[in-house]
Amino acid sequence: MNPQDKFNWLIGGIVCLLAVASLIGWILRRRVGEGQSSAVIDNLNARIRAWWVMVAIFSAAFLAGANATLVMFALISFFALREFITLTPTRLGDHRALSVAFFILVPVQYWLIGIDWYALFAIFIPVYAFLLLPALSALSEDAENFLERTAKIQWGIMITIYCISHAPALMLIDIPGYEGQNALLLFYLVLVVQLSDVLQYVFGKLFGKTKIAPVISPSKTVEGFVGGALSATLVGAAMWWITPFTPLQSAGMAFIIVLMGFLGGLSLSAVKRSLGAKDWGSMIEGHGGMMDRMDSISFAAPIFFHLTRYFFEP
Amino acid sequence: MWLSNLLIATVRLLVGATPRWIGCEPADTQRIYFANHSSHIDTIALWSALPPELRSHTRPVAAADYWGTGKLKRYVVLQGLNAVLIDRNRAAPGANPLDPLFEALERGDSLIIFPEGTRQCQPLPGPFKAGLFHLAERYPAVELIPVYLENLHRSMPKGTALPVPILCSVRFGAPLPRIAGEDKQTFLNRARDAVIGAAQ
């Protein structure tokens, strides 16, 4: 099967899945009855509607090629950083550092992927940006909460730009026999992470009893995690034909993606709570903000990228 | 107008400018929106938060001594925003600086004004200037809508040239009631409190 056929099968499968989800949402809504409302079911239907839009945008960028995919992820980073900085207390003295983060770091990080310069891509933010940005803030001569301010801005940049950019960076890896198909690897990552989130949500709603971390994330339960993680791992294994992996390797990779995604959701919930918010924003109907959808990707992408690069690039 | 659309798209990309109708609904009645002022993008943020059909006859009021100078700035505010220019420095001694505003209200347009007269560095508004009082007295039928612009002082504080993308919301409060016989200062304080009230 050529890559285009694989892509068509994937999109076809996802559209069928969403159609089934919409049908279930519609039936559940009808069972509640006219005029009455159920917050959980209304939110479920809002989420499904938003999924249609997200799948449409993602597929369109994919079909338009590698550069369009990079632009899409650059915009995702931009919007995610905007949400992060909105919730983070900043001062006038941070203005220059923040301008650099939004208008220079975001485009440069994705441009480095576009021109295939892996060595600089990997260190541009941790070395250059993390040293120069605090210096810019220091030059504004505002020492109040300096360490807290710079630490929060660095964390925001690390998660929203550096970590998220590792998803499209999968296109940089040269795997023998897999040339020209790296976009499918990106699709695989996003599919496994998001399915894992959805399945954990579904299992949690159906069977969830034992809370894992009630203070940080009240909706995460042991039953939801185990059910969602195992089923997403199985789906990941079944998707081996779009990856360079064997079915067993694919199961292992999917499991690591699922685990990192879970830890990302948990850690960023803690960040969100320490900033005093329930949702990162309101950009995506039913889901919250961009970061509410990207939190799992931000942890899963760098690890998946490096494991693939280490084991599958000669 | 392509320039209006470009300005609105840019402001939405940078700061979102999500409308929150807390005390009133968007309606086609003649209104004066008065808001706190902390950045150069306040006007476009408030303007883009209005539904398009209201936007076409809601005109921001801008200072002639800043926005009226220079061809580009003048073109942007007059063509892009359909603004009414006001002479803050009373350059022509005999003329009432509010005349252009009276004219716009006579024509049935709504207005956007920033009664502090200048940008503040803090989140809450400073004391209001008298213009709003005179407009309210002369046009008792026009609704007065307090608006709080949240977070814009963080996005583009006074003294900076580039806005930082930070999500801002535009919070519309309940119409300010008229109280017969109220003196100027009491009215202005009450109007300022209404803007602060829309912040919560």
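**A tour from the cavity to the interface**

The largest cavity has a volume of about 40 Å³. Keep in mind that this is a predicted model. A search of the whole structure finds one cavity of 30 Å³ or more.

Select A:Ala97, A:Leu133, A:Pro134, A:Ser137, A:Thr150, A:Ile153 and A:Gln154, which line the largest cavity. Now colour helix 5 (118–139) and helix 6 (146–165) of chain A; each gives the lining at least two residues. Colour the lining by class: four residues are nonpolar, three are polar and none is charged.

Stop two: the interface. Show chain A and chain B together. Select the residues in contact: 16 come from chain A and 18 from chain B. About 1300 Å² is buried between chain A and chain B, with carbon and sulfur atoms giving 67% of that area. Next, pick A:Arg82, A:Thr86 and A:His95. These residues supply 45% of the area that chain A buries against chain B, more than any other three residues.

Stop three: the helices behind this face. Highlight helix 3 (66–87) and helix 4 (95–114) of chain A, each with at least two residues on the side of chain A that touches chain B. Helix 3 of chain A gives the most to that side, with six residues. Colour the chain A side by class to find eight nonpolar, six polar and two charged residues.

Last stop: polar links. How many residue pairs are in polar contact between chain A and chain B? The count is eight, with both residues at pLDDT 80 or more. Look for salt bridges across the interface of chain A and chain B, and the rule finds zero.

Terms used:
Residues are numbered from 1 along each chain as its sequence is written. Chains are lettered from A and ligands numbered from 1 in the order in which they are written. This is a predicted model: local features need pLDDT of at least 70, side-chain atom pairs count only at pLDDT 80 or more; totals for chains, interfaces and linings use all residues. Side-chain values use heavy atoms; hydrogens and water are left out. Contact means heavy atoms within 4.5 Å. Buried area is the accessible area (1.4 Å probe) that two parts lose on being put together, summed over both. A salt bridge is a side-chain nitrogen of Lys or Arg within 4 Å of a carboxyl oxygen of Asp or Glu. A polar contact is a pair of N or O atoms within 3.5 Å; within protein, one must be able to donate a hydrogen and the other to accept it, and residues adjacent in sequence count only if both atoms are side-chain atoms. Helices (H or I, at least four residues) and strands (E, at least two) are DSSP runs, numbered from the N terminus. Ala, Val, Leu, Ile, Met, Phe, Trp, Tyr, Cys and Pro count as nonpolar, Asp, Glu, Lys and Arg as charged, and the others, Gly among them, as polar. On a 1 Å grid over the protein atoms alone, a cavity is a set of points where a 1.4 Å probe fits but cannot get out, and a pocket is an open set with protein on both sides within 12 Å along at least five of seven lines; lining residues have an atom within 4 Å of a point. Grid points are joined across faces, edges and corners, and a volume is the space filled by probe spheres set on the points.
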